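Let's walk through a model together, one question at a time. Keep the viewer open as you read.

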Amino acid sequence: MTADLSVDLGHLRLRGPVIAASGTFGYGTEVPLLERRTLAAVVSKGIFLRPRPGTPPPRIVETPSGMLNAIGLQGPGAEALLRDYAPLWSAWDFPVLVNINGETVEEYGELTAQLDGVPGVGGFEVNISCPNVEQGGMYFGNDPRAAADVTRAVRRRTKLPVWVKLTPNVGDIAEVARAVEDAGADALCAVNTFLGMSIDLHSFRPRLSFRTGGLSGPAIRPLALHLAHQVARNVQVPVIGIGGIAGPEDALEFLVAGCAAVQVGTATFADPRAIAGVHDGIAAYLESKGWTSLKELPRYLPLD
Amino acid sequence: MFEASAPLSERRQVARDMFVLGFDAPAVAAAAKAGQFVNLGLQPGPLLRRPFSVYRAGGGRVEIVLRAVGEGTSQLLSLREGDLVSVLGPLGTGFRFDPAWRSVALVSGGLGLAPMLLAARDARAAGLSVHWVHGARTAWDLGSEWDGEEATWATDDGSRGFQGSAVAAVEEEFGAVLACGPNPMLAAVAERWPDAQVAVETYMGCGTGVCLGCAVPLTAGGYDRACREGPVYRAADVDWPALPSHLYYTAVPVASPSRPSPATGGGEVPV
Ligand SMILES: Cc1cc2nc3c(=O)[nH]c(=O)nc-3n(C[C@H](O)[C@H](O)[C@H](O)COP(=O)(O)OP(=O)(O)OC[C@H]3O[C@@H](n4cnc5c(N)ncnc54)[C@H](O)[C@@H]3O)c2cc1C
Ligand SMILES: Cc1cc2nc3c(=O)[nH]c(=O)nc-3n(C[C@H](O)[C@H](O)[C@H](O)COP(=O)(O)O)c2cc1C
Ligand code: FES
């Protein structure tokens with residue numbers, strides 16, 4: 001018997017707990033060796049209203065058990081996204097959420113309005129946490145009031161699921177989490193990348209052209225787990241845990257710590273089958289315990 | 001594209017510090033075309049895979065040629081026969097061949113020799129006559145394997161063949177030029193043959209097109225992906241000054257206790 005791995009994120013039912021993280025799965029259209037049955041949902045690469053070239057190379061550098069990236073949200077803009085990808089998404093048997101970005105609150109709202117109601121667009125992940133843009137991005141995620149303003153601007157323009165992706169680069173993540181929950185988010189994603197830096201001793205310059213980058217991969221897992229747990233203790237809406245998840249045990253830690261689902265990002269680079277491995281590993285774990293549903297997994301969630 | 005857990009089945013030295021490794025990965029070997037690459041995953045090993053041009057492919061085996069420049073390459077060179085490596089490939093868009101060219105020059109520098117044996121194979125299959133011009137620092141750094149009739153050698157110190165760069169060593173005119181080597185050498189190729197096809201190197205995250213980490217700046221503006229649209233480009237389409245050269249390992253290494261120093265090979269003189 002296979003265990004029931006489905007999860008409910010507000011009104012959105014997913015067939016499993018493992019979601020592809022934004023920026024690590026493209027638009028879901030070019031992923032090799034994909035085992036669709038194991039994929040609960042895809043979050044597309046972050047998009048702005050208008051096309052963006054992204055940052056000059058080098059854009060990535062490997063660091064101990066992790067990597068720094070500064071892609072700068074390269075993307076084709078809303079119009080091309082709707083033309084080239086949404087029609088493909090509308091044929092899929094799992095939802096695609098669009099990771100949306102803006103330099104101003106109004107831009108987030110306008111982008112939402114353009115994408116809302118288009119077949120294939122299954123919801124929104126509001127990125128208020130990208131460390132790799134000059135304007136907007138993480139700066140909205142740093143300030144509870146600005147974060148709530150962005151959330152409201154999106155919420156007002158759609159009935160589709162609205163997830164808000166939080167930055168770890170903030171003093172009190174719980175405060176931001178409560179603010180965006182009050183502003184109408186259906187779920188919170190914790191977390192985006194940690195701001196980091198690496199210096200090249202040949203040139204005495206940063207290894208990344210953008211100077212700084214976002215740290216991801218196993219290096220951030222315990223940090224991310226702690227933040228996701230803190231968020232889960234402070235809000236009622238479901239929390240999606242993100243950060244360094246590569247195998248089923250990693251995901252189970254986030255689930256036990258209070259997350260309803262997880263996203264897998266960097267692990268896909270090393271292993272294109274990482275998502276399948278996490279999904280099938282969770283199923284095998286539940287079965288080994290004699291549990292028939294993910295809902296039987298004990299949670300550790302003492303409230304503040 | 002395939003992924004195979006492939007055993008090391010071949011290891012031989014082809015120049016000072018330069019080794020060929022072969023992995024049994026029949027599906028990848030059968031599909032590989034000149035200029036494509038494989039992305040190799042080591043477990044345990046670095047987090048990200050490491051990209052290598054396909055050097056030879058056939059008989060169920062994929063070969064790469066490399067030199068130890070850091071953690072991943074050093075670890076690859078310390079593998080023993082039968083050790084498993086995850087081979088993902090073939091990846092990227094390789095060289096194009098057109099019988100109308102009649103002749104083709106393969107111009108390579110240093111490790112840029114990597115895609116040239118397959119390029120010669122595929123060029124001959126397209127009915128082209130092939131002339132290889134290969135340069136390295138000294139006679140000991142040239143590769144020792146070449147199965148074609150015509151080859152010209154160039155060395156920086158004149159210890160073998162033409163003294164100077166591989167680009168400077170090309171004297172005749174050819175129907176087309178295919179080149180691979182350090183990015184500054186490819187910039188020189190672009191000056192002389194804007195229509196040459198060149199295989200570039202960038203850092204890579206995924207190797208499969210999903211991370212946008214391998215950005216190649218284009219003269220037309222914007223970036224595209226070395227792992228997908230590339231790694232082979234029309235030379236004049238690349239904005240060379242904006243493409244970083246990561247090849248510090250061609251310069252003096254910085255001492256680092258955590259990084260093994262490059263293996264010093266036996267120093268056989270290539271034949
Ligand atoms: C399409 C492609 C084909 C390649 N083909 C070959 C090949 O046939 N043979 C070969 O030996 N190498 C090839 N390379 C380069 C090879 O991937 C790097 O040398 C390797 O990833 C370094 O790994 P490392 O862990 O040993 O070094 P690291 O410890 O990661 O770095 C050591 C040094 O190598 C440089 N470096 C790291 N990654 C790259 C990279 N992707 N490109 C250039 N420099 C890098 C760093 O700047 C540093 O100076 C290719 C790269 C690409 C993108
Ligand atoms: C190359 C790369 C690109 C990313 N792009 C985005 C993006 O466009 N929008 C976003 O919200 N997060 C982006 N992220 C962050 C990831 O979605 C994820 O939050 C983070 O990498 C931590 O998870 P991981 O350790 O599993 O990768 C990106 C991460 C990487 C490595
Ligand atoms: S290496 Fe990830 S897109 Fe090219």
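What follows is a set of questions and answers on strands, a helix, a chain contact and a ligand site.

This is a predicted model, where local features need pLDDT of at least 70, side-chain atom pairs count only at pLDDT 80 or more, and totals for chains, interfaces and linings use all residues. Residues are numbered from 1 along each chain as its sequence is written, with chains lettered from A and ligands numbered from 1 in the order in which they are written.

Q: Which residue takes a positive phi in the hairpin of β5(A) and β6(A)?
A: β5 (residues 60–63) of chain A runs antiparallel to β6(A), joined by four bridges. The hairpin has two residues between the strands, and the one with a positive phi near 55 degrees is A:Ser65.

Q: Are the residues of β6(A) buried or exposed?
A: Buried takes 20 or more other C-beta atoms within 10 Å of the residue's own, exposed 12 or fewer, and partly exposed is in between, with C-beta atoms placed from the backbone. In β6 (residues 66–69) of chain A, A:Gly66 and A:Leu68 point one way and A:Met67 and A:Asn69 the other. Whichever way they point, all are buried.

Q: How far apart are the end C-alpha atoms of helix α5 of chain A?
A: The expected span is 1.5 Å times one less than the number of residues. For the twelve residues of α5 (residues 144–155) that should give 16 Å, and the end C-alpha atoms agree, at 16 Å.

Q: How many residues does chain B bring to its contact with chain A?
A: Residues are in contact if their C-beta atoms, placed from the backbone, lie within 7 Å. Chain A puts in 29 residues, and chain B 27.

Q: Why is the site of ligand 1 shared between chains?
A: A residue is near a molecule or strand if its C-beta atom, placed from the backbone, lies within 6 Å of it. Among the 27 residues around ligand 1, B:Leu66, B:Gly70, B:Gly72, B:Thr73 and B:Ala114 come nearest. The site is shared because the residues surrounding ligand 1 come from chains A and B.

Definitions and conventions:
Two strands pair if DSSP finds at least two bridges between them. Two residues are in contact if their C-beta atoms, placed from the backbone, lie within 7 Å.
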